[in-house]
Amino acid sequence: MPTPTAHDEVLQRIRAAAAGRPVELLAVSKTRSAEEVVALARRGQRRFGENYVQEAVAKRRAVAALAPDLDLEWHLIGRLQTNKARDAAGFDWVEAVDRPRLADALAAARPEGRPPLNVLIQVNPDGEPGKAGCAPDELDALAAHVAALPRLRLRGLMAIPAPAEDMRVRAASFRTLAGLFERLRGRHPDIDTLSMGMSDDFETAIAEGATRVRIGTALFGPRPPRPSPEDAHA
Ligand SMILES: *Cc1c(COP(=O)(O)O)cnc(C)c1O
């Protein structure tokens with residue numbers, strides 16, 4: 001279970017790094033139990049992120065059964081296969097849209113009666129091969145595609161920079177992303193979210209302009225290894 005102090009400490013570190021700017025905490029609850037989610041939610045944490053659609057659907061259901069009074073916001077942050085779009089479209093945010101066909105599938109599957117699905121485009125800023133995310137030079141076209149779909153709402157960018165040991169190298173990646181975000185905002189003035197930074201680099205990401213950090217380990221402790229082929233992209 002998360003120790004009470006871990007959440008407080010992370011919030012405090014975010015506040016210190018943000019220096020007055022609002023920065024959101026997305027609690028990454030992949031591999032964590034519904035009970036752990038409820039415990040953190042009872043401490044006031046509202047946004048939760050999951051990587052695997054099936055796990056996330058089951059966990060949402062379990063959390064709702066345990067604590068029907070909680071009003072949580074659920075984000076999908078993992079690489080998404082197009083054939084999972086139907087389940088994914090019922091979430092509050094999808095942060096890993098990286099191709100037009102996935103955007104189309106999500107738009108088609110977004111349930112009637114819900115507001116447009118909040119979408120972040122995932123960018124692969126360091127051009128790492130095999131990694132999710134569109135190339136920076138594909139970003140404008142993909143953003144225009146998403147913005148033209150009425151059942152989606154383009155909110156900004158998400159990225160996972162290469163895990164360089166040298167924090168200056170990571171800072172440079174975060175800065176590149178912040179530049180892409182600002183440029184995109186020139187064309188899409190409503191976008192408001194730059195999701196970057198995880199447990200081991202979130203203060204650096206915030207210093208470079210993150211508006212949301214996605215944190216698992218620093219809140220919940222180390223994750224148990226997960227015997228799934230999907231883990232390759234987590
Ligand atoms: C697992 C994961 C995180 C959280 O990673 P930690 O290092 O545990 O904070 C953030 N973003 C994505 C996309 C992830 O898959």
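Reader: In which strand is the place of Glu-73?
Author: The structure is a predicted model, in which local features need pLDDT of at least 70 and side-chain atom pairs count only at pLDDT 80 or more, while totals for chains, interfaces and linings use all residues. Residues are numbered from 1 along each chain as its sequence is written, and side-chain values use heavy atoms, with hydrogens and water left out. Helices (H or I, at least four residues) and strands (E, at least two) are DSSP runs numbered from the N terminus. The run that covers residues 73-76 and includes Glu-73 is strand S3.

Reader: Is Glu-73 buried or exposed?
Author: In contact terms, meaning heavy atoms within 4.5 Å, Glu-73 touches Arg-46, Arg-47, Phe-48, Asp-92 and Trp-93, leaving aside residues up to four places away in sequence. Buried means under 20% relative accessible area, exposed over 50%, and partly exposed in between, with a 1.4 Å probe and protein chains only. Because the relative accessibility of Glu-73 is 13%, Glu-73 counts as buried.

Reader: What is the relative accessible area of Gln-122?
Author: Gln-122 has its place in strand S5, which runs over residues 117-123. Leaving aside residues up to four places away in sequence, Gln-122 touches several others, among them Glu-95, Asp-98, Cys-134 and Ile-160. Gln-122 is a buried residue, and its relative accessible area is 3%.

Reader: Which feature does UniProt place at Lys-30?
Author: Lys-30 lies in the loop between strand S1 (24-28) and helix H2 (34-42), and Lys-30 counts as buried because its relative accessibility is 6%. UniProt positions are given in the numbering used here, with shortened feature names, and annotations may be inferred rather than shown by experiment. The feature that UniProt, in an unreviewed entry, places at Lys-30 is "modified residue: N6-(pyridoxal phosphate)lysine".

Reader: How many residues surround the ligand?
Author: A residue is near a molecule if one of its heavy atoms lies within 4 Å of it, and the closest ones around the ligand are Lys-30, Asn-51, Ser-199, Thr-217 and Arg-223. By class, the shell has six nonpolar, four polar and three charged residues, where Ala, Val, Leu, Ile, Met, Phe, Trp, Tyr, Cys and Pro count as nonpolar, Asp, Glu, Lys and Arg as charged, and the others, Gly among them, as polar. The number of residues that surround the ligand is 13.

Reader: How much of the accessible area that the ligand has on its own does the protein cover?
Author: Polar contacts are pairs of N or O atoms within 3.5 Å; within protein, one must be able to donate a hydrogen and the other to accept it, and residues adjacent in sequence count only if both atoms are side-chain atoms. Polar side-chain atoms lie 2.5 Å from a ligand oxygen atom in Ser-199 and 2.6 Å from a ligand oxygen atom in Thr-217, whereas in Gly-216 a polar backbone atom is 2.8 Å from a ligand oxygen atom. Accessible areas come from the Shrake-Rupley method with a 1.4 Å probe, and for residues only the protein chains shown count as cover. Of the 380 Å² that the ligand has on its own, the protein covers 95%.

Reader: What does the side chain of Glu-36 reach at 3.0 Å?
Author: Glu-36 lies in helix H2 and counts as buried because its relative accessibility is 11%. Glu-36 and Phe-220 are 184 residues apart in sequence and 8.3 Å apart in space, C-alpha to C-alpha. At 3.0 Å, the side chain of Glu-36 reaches the backbone nitrogen of Ser-33.
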